[in-house]
Every structure is written in C-alpha cells, then in structure tokens.
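Please read it with the structure open beside it.

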Amino acid sequence: MPVLSVRDLSIDYRTRRGPVHAVRDVTFDLEQGETLAVIGESGSGKTTLAVGLIRLSPRSARVTKGEIRYDDGKRAFDVLSLDTERLRRFRWADCAMVFQAALSAFNPVITIWEQFLDTGRAHGMGDKHKVHDRTRELLDLVHLDPNRVLRAYPHELSGGMRQRVLIAMALLLDPRIIILDEPTTALDILTQRAIIDLLRELRGKLGFATIFISHDLSIAAELADRMLTMYAGRIVERATVEDLFYRPRHPYSVGLMRAVPRVSGALGSVASIPGSPPDLIRLPRGCSYYPRCPFHVDECLQQDPPLLRVDTPDHEAACIRWETVAAALGSDAEAPVAEKLA
Amino acid sequence: MSGPLIELDRVSRTYTTPAGTIKAVDDVSLSLGESETICIVGESGCGKTTTGRMLAGLLRPSSGRLLFEGADVWEKKGKDLARFRRAVQLVHQDPYASLNPTRTIAQTLAPPLAKHKKAHGRAARAAMISLLERVGLTPPADFLLKYPHQLSGGQRQRVSIARALTVDPRVIVADEAVSMVDVSIRISLLDLLHNLATEFHVTTVLITHDLAVARYFGRKGRIAVMYLGRVVELADTESLVSDPAHPYSTALIAAIPEADPTITRTKKRVPLKGAEVPSLLNLPPGCVFHPRCPLSEPGLCDVVVPILGNLPGGRSVACHVALRERQPAAELLGVR
C-alpha cells in the first residue's frame, strides 16, 4: 500500500499575465520504502510539485484541484485538508524535506546543536535531553563527530558536512517520507559520492520512502527505483529506473537521456533538445512537447495525450507515437539511449 | 607554424588572506597549439579558475611566465598588448551576471565591433547579424533589439560567445560556461564552442568540474586534472577517462555518478584514506594527495613533491609510484 497517493494535483501561480499552470493533473503513488526520482528541465514543475506535497509553496501558488493522501498504516489523511497545527506535525514527523546544502538552509547565527533544538521544539519535542540524545545518535548515523559538529556554526562546516547535518535533521522525528531537492548539486564529486552512499545506507537501515527532485540524471541512476519525467507541469512518463534509462517511450525522456554524456563506456550520439519549454501561461494546442519533438505528426495537435500503458503494466508514457519511439531506439537491451541512436 | 600559440611556463599564484598565505596555483605549465582544445578539470579550490584567469592574461602570476606566440605577455606594452587582449577572450560562467541588463544585444555587440573593427552603421549591423547566426541565434534580426532578461540562460550564453567573437579571438577561455544552463541544452553550447575551434581555428580552454562535460567537449583534445593547485595529470581525453594514470583522477572517475543505472551501480571504487580535502592554508608536505592516496609510500610520497613525468602513450602524470612502475594508477589499483 502506498504511503503517499497523489491524485490529479494541479498547482497554479498567480501572475500579472494570468495563472501559470506549473503542475497539471499529476497522479502518482509512492510505495513504502521506495525511491522515486522526478526528472525534468528547470520550469518543468518538479520543484513546485515537491514543495506542494508538503504545502510549502509560496503565497502566489494555489492548489486548484487534487488530493494528496498520506497513509502510513496507522494514520491516513488528505494533506490538503490539514489545519495549520496538524500540517506542522505532518511536515517533519511524517514527511521531511532536505534542501540543497547552501548556507541559506541554516540560521547563520546559532550553532548546529541549537538548530536541532529549534527544529525539535517547533515540532513538539519538549524534552531537551531527548532531543540531545537523538541528535547525537543521528549525527553518528550520518558519520559526523557529534562532539565536533554540535558546537560548530554552519559556516564552519564544509558543504558535504552541511548536507549530512541537513539529512540528520530531516530524520529527527523519524519520518516515513523524505523529499530531497537537488541533494548533491554544488558538491564536489567525491563528496557527492559519499552523500549518495550515505543515503543508500540510511534508506536500508531506516526504511523511509524517498522522493528525489533533480536535474541530474546520474543521481537518479544511482538511487531511484522508479522515475517520473515531468514536462510543462505534467507527468509524461512513469517507469522503473531501467526502463526509463534504457527503454524510454516518451520523446522528451529520450531527449533528456541523450543530452547527458557519460564518462565510462561509449559516448554514443549525444545531443541537446532543440528549442525551449513552452510558456506555462499560454500552453500550445495539443501535446505541449509538439514544437520540440522529432517524432511529431499532425494528430499530436488534437489533444494533450493522456498517459498510455506501454510495454509493461508498470510503464506509462503520454505519447501517441510511443511505438515509433520504441522502433527508433531499436533493441530493448540494457544500453543507454545515446548508444542506441548512434 | 609549429611552436605553441599560448603557454603557461611554470606559473604560480599566491593570495594573502587574513588567515595566512595560500598558494592557489603552484608551478603549473601548459602549452596550447592553434585550434587545440583542452579541458581543465578539478574540484572546487583546485586552482582551475585561477589558472584560466592567468591564461587569459587577467591575473598576473606571482611567478612564472605567460607566453603568447613565444613572447612574455606581461612584458608587452601598447599595441602589442592590445593585440593580445583581442586575441584571448574569456566566456564567464554566469550569463545572468556577465551581460549588462540595460543594453540590448545590439548595444552589447556594437561597441567592441566599433572599437576593434571600425565597423559602424550598416557594416556593424551586418557583422552582428553574421555573429548571431554563427552562434545559432536565429533569426538574428529578432535578437538584436532584445534585452538579456528576454533571453533564456542558453541564449544569453550564446550572446556572451558572440561578444567574445566580435574581436576574432584566437583563444577562448570558457570558465564553467555550461554549468548554469539547463542539462538539456548543454551539449548544443559545447558543440558551438567545439565548432568554433575546428572551423575558425580557435584554441579553446574549457574549465569545468564536470568530467563528463570535459570528456564530451575534449574528445579530440586533452584534459588536465588539477588538485590543490597542481596539475596532477595531463593526457589525451580518451586515455584519461578510460585508463587514468594518477590515483586522484582514478578515484574521481571511479566515484563519479553516471547517467546509466547498471554502470553507476557496479563501478569499482577506489578506497581513499581520508574524505576531507586538506586546507590550502596548510598543505601536506611532499605530494599534496598523499594523505588520501591508497598508493602512497612513506618516506617518498610524504617527502618529495612529484613533478609531471611521462608515461607510455604520451601522457604525463605527477605520481612517484605510477612513474616508477611505468603503469597508470588505474592498473595499479585494479579498477580498469
């Protein structure tokens, strides 16, 4: 049973030019303990979706319809109907968010220990000693030395250490869901690697479900079980990580996969996606990807295609041309798209 | 012509900070021929940006020389110096900060054309149109009257490249030129720079932290890997990524996450001894990588600073052990 079920979620931003349809009819399930990666260009709606899930959207955003159902087996509710107090509890105790480890994610004038204490208090942990014990335990878990880190100020820590602290802080109330927004961006390679390994280890030990928002496909390749591709506010493909990397069926997913060169293996035919994403205030007629799509036909202009089942029951793509896409890629072998198109 | 076009000859650069003196770049030599591409790769703090700024003649080395067509740039004066300034252009990382927001694209491109090429009026307009076409901003007339805020990040970066091209440069130094644009369009920008190198014989230096970007861009050129101010390896791109010679490059390539679930989840790792990069204020003696290096030998690596030496296959590496064994570190560490 899914721990989070999102149904027909739509989020608009109010602007002077009119509403920006940033998230449109998004439906997906997050199963207990699984890792789901959401990929897409900037402006695809992935960050709006992520912060929308815990209702942290800016004031100009409005949920126009949909449901976000949380169910951990003991308690079940619609996140969109929570009052302020219950929402506050949901936000850290059930579902925590880890942002990029920029200094701005911290209060610069208090120590790491005080950040933990503030977080604990804000979410109903009254007992200071309990927060302290739990904090030390968590810092151990993320391989930081509590004696050194607790007394430090945020600027005294390296980027990798700050990211570990943020992860530990997210785990303070033992949430069932962790949302990570670009968790390794701006970190050096060896630090990135250490954070990826840490997340894998913690996931195994603690069994939380993860939603990853990243423009970096390699992080998805490392950690995801299943993936969603977003384009112009919609989910255009849903698949297992292997299917999305080796057998994508939406031309946009194919384009993204092909746009990222690798260090190991053959380079293949790497290429950018032509054009730029559509204006989310005045969406084009029919399929939003039509103007950039190498596979388009006139029929694509008739409607924005719904998600269609392709290949297997676990794989859906919003493209009426998916069979042509499959044929263009040729083999179903476990090889990257850039190699198949070479 | 056979000699190098532009050359860093044993340059170092130190900075004085309140906490002490740091050596951002230490004894780096690089030599580039006409229309060559080279990528300088490394993590933050390795000195790659400082090296790029010294190559572009924007930063004077604390010691060592910058040579252009064999002559010391910092000895140049007057017209000679102006000629160097035109010949070497820098493309910055942030296309949001590097273009003047109050000027249209035409107003951005016209002054350098007027100053360096004496192109005014109709001639200037024709030159701008052809530049915008060259950088793939079509139809060009649509872009001339636009302001930077009306363009996407990728389009702005193309304008930055067009501006660099107004003076017919012979060398372009691009510092993280694609790291702030969306993944989906990075390749097209790299292709643009690559085409300039091949069609117009521009020597291109790409500075990046992203090895995959370096591999793609530099596929016909070389990569220099920097660590804590030094070049630790310099080799042809393909041999560097498939068979790295320095333990640091080997560790980096083994650790890099790849956009391929099978490859990335089954990569052989290089176990490093320490996770933290030493501070530039307090560099270790001997080889700066020795405290983390799995190949490090006491009495050698912690005492003697290794200099770049040659391995078979035309690659250079600054590692005592790889040079003595005459084998790349990837072989010695068993991660090939």
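1. The contact between the chains. In this predicted model, 35 residues of chain A are in contact with 32 residues of chain B. On the chain B side, the elements that give two or more residues are helix H7 (183–199), helix H8 (211–217), helix H10 (247–255) and helix H11 (261–266). H7(B) supplies the largest share, six residues. By type, the chain B side divides into 18 nonpolar, eight charged and six polar residues.

2. Leu211(B). This residue lies in helix H8 of chain B. Is Leu211(B) buried or exposed? Leu211(B) has 26 other C-beta atoms within 10 Å, so it is buried; the cut-off for that class is 20 or more. Leaving aside residues up to four places away in sequence, Leu211(B) touches Val263(A) from the other chain, and Val41(B), Leu252(B), Ile253(B) and Ile256(B) from its own. The C-alpha atom of Leu211(B) is separated by 9.6 Å from that of Val225(B), and these two residues are 14 apart along the chain.

3. Helix H7 of chain B. H7(B) has 17 residues, and the distance from its first C-alpha to its last is 25 Å, close to the 24 Å expected at 1.5 Å a residue. Its buried residues include Ile185(B), Ile187(B), Leu189(B), Leu190(B), Leu193(B) and Leu196(B), and also Arg186(B) and His194(B). An α-helix has 3.6 residues a turn, so residues three or four places apart point the same way. What do the buried residues of H7(B) pack against? Within chain B, they pack against strand E3 (37–41), helix H6 (153–165), strand E7 (171–175), strand E8 (203–208) and H8, and from chain A they meet H10.

4. Helix H10 of chain A. This helix, residues 251–258, is mostly covered, with eight of its eight residues buried. Among them are Pro251(A), Tyr252(A), Val254(A), Leu256(A) and Met257(A), as well as Arg258(A).

5. Strand E8 of chain A. Why is E8(A) described as largely enclosed by the rest of the structure? The reason is that five of the five residues of this strand (209–213) are buried. In a regular strand the side chains alternate between the two faces of the sheet. On one side of E8(A) are Ala209(A), Ile211(A) and Ile213(A), on the other Thr210(A) and Phe212(A), and both faces are covered.

6. The neighbours of E8(A). Strand E3 (residues 35–39) of chain A runs parallel to E8(A) and is joined to it by four bridges. Strand E7 (residues 177–181) of chain A also runs parallel to E8(A), with five bridges between them. Phe212(A) in E8(A) stands opposite Ala37(A) and opposite Leu180(A). E7(A), helix H7 (residues 189–206) of chain A and E8(A) together make a right-handed β-α-β unit.

7. The sheet of chain B. Which order do the strands take in the open sheet of eight strands? The order is E6-E7-E8-E3-E9-E10-E12-E11, and the pairing is mixed. Strand E6 (88–91) and strand E11 (309–311) stand at the edges with a single partner strand each, so one side of each has no neighbour in the sheet. From one strand to the next, the twist averages 20°. Within this chain, E7(B) and E8(B) run parallel and are joined by five bridges. Asp175(B) has Ile207(B), in E8(B), as its bridge partner.

8. Backbone points to check by eye. The peptide bond from Thr138(B) to Pro139(B) is cis, with omega near -10°. Pro139(B) is found in the loop between helix H4 (121–134) and helix H5 (140–144) of chain B. Two residues other than glycine can be looked at together here: phi is near 55° for His201(B) and near 45° for Leu228(B), both positive values. Leu228(B) lies in the loop between strand E9 (222–227) and strand E10 (230–236) of chain B. His201(B) is exposed because it has 12 other C-beta atoms within 10 Å. Leu228(B), with 24 C-beta neighbours inside 10 Å, counts as buried.

Note on methods:
Residues are numbered from 1 along each chain as its sequence is written. Chains are lettered from A and ligands numbered from 1 in the order in which they are written. This is a predicted model: local features need pLDDT of at least 70, side-chain atom pairs count only at pLDDT 80 or more; totals for chains, interfaces and linings use all residues. Two residues are in contact if their C-beta atoms, placed from the backbone, lie within 7 Å. Ala, Val, Leu, Ile, Met, Phe, Trp, Tyr, Cys and Pro count as nonpolar, Asp, Glu, Lys and Arg as charged, and the others, Gly among them, as polar. The expected span of a helix is 1.5 Å times one less than its number of residues. Two strands pair if DSSP finds at least two bridges between them. A crossover is right-handed if, with the strands pointing away from the viewer, the path from the first strand over the helix to the second runs clockwise. Axes are lines fitted to C-alpha atoms, for helices over the stretch in contact, and angles run from 0 to 180 degrees between N-to-C directions.
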